[in-house]
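Please look over the sequence and the structure first, and then read on.

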Amino acid sequence: MIHRRDLARWALALAAATSLAGPLAAWAADEAPDELVKRLSTDVLVKVRADKSLQRGDINKVVELVDQTILPHVDFRRMTAAATGPAWRQATPEQQKRLQEEFKTLLIRTYSGALNQVSDQTITVKPLRMSPGDTDVLVRTEVKGRGDPVQLDYRLEKTPGDGAGWKVYNLNVMGVWLVDTYRSQFAQEINTKGIDGLIEALAARNKANSGKSS
């Protein structure tokens, strides 16, 4: 039996995957934000159900899923900057690059194990409240399976120029915003050890998670 906590963990796994995107990117400029979320969520579900390695949380397969299906549809730099807080502006380009790499690895490794919860879940996208000209929207969804539905919301921004389209920059699982959660954790490391200390802490955590999953 899948409990609400397990479903929430799986929902956050899907959120992390969707937030970390081929041929799909060509649709992004004209695609409505709620349709983008629906398509990506459905695509992830279909691929996980069809691949036993993904269901087992195979980290290489999860990284492949993220890189091939999702990454172009996420403003991961903005997510990392927001999670890092004011210290991001003082970080060097190399430090910013390392932070993005370690943060992405952290999200993938932390939630890859939850993919084995995928079975009969479905995603319901709620009606979008959006005015013409809006460039920042909230797409609300529910993950439904056994037990109560789990709230899973996406904050998206419309980006101009090359690669124009809607991109995810934050996620809300059952009332908790992903970026805000990490910001408080990162602030503690930065206050005591600085940016390099945060990078080292993330790298150590990723190494520990890698050992557990191997």
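## Salt bridges and overall build

E64 forms a salt bridge with K61, and the closest N and O atoms of this pair lie 4.0 Å apart. The model in which this pair is found is a predicted one. Because E64 and K61 are three residues apart in helix α4 (residues 59-70), about one helical turn separates them. E64 counts as partly exposed at 34% relative accessibility, and K61, at 27%, counts as partly exposed as well. Together with D51, K61 and E64 are linked in a network of salt bridges.

The structure holds 11 salt bridges, and the table lists some of them, including the pair described above.

| Salt bridge | Closest N and O atoms | Helix |
|---|---|---|
| E64 and K61 | 4.0 Å | α4 (residues 59-70) |
| D43 and K47 | 3.6 Å | α2 (residues 33-50) |
| R98 and E102 | 3.6 Å | α6 (residues 93-112) |

Buried residues make up 46% of the 214 residues, and one of the buried residues is T84, because its relative accessibility is 4%. T84 is found in helix α5 (residues 76-84), and, leaving aside its neighbours within four places in sequence, T84 is in contact with L99, F186, I190 and I195.

Key
Residues are numbered from 1 along each chain as its sequence is written. This is a predicted model: local features need pLDDT of at least 70, side-chain atom pairs count only at pLDDT 80 or more; totals for chains, interfaces and linings use all residues. Side-chain values use heavy atoms; hydrogens and water are left out. Buried means under 20% relative accessible area, exposed over 50%, partly exposed in between (1.4 Å probe, protein chains only). Helices (H or I, at least four residues) and strands (E, at least two) are DSSP runs, numbered from the N terminus. Contact means heavy atoms within 4.5 Å. A salt bridge is a side-chain nitrogen of Lys or Arg within 4 Å of a carboxyl oxygen of Asp or Glu.
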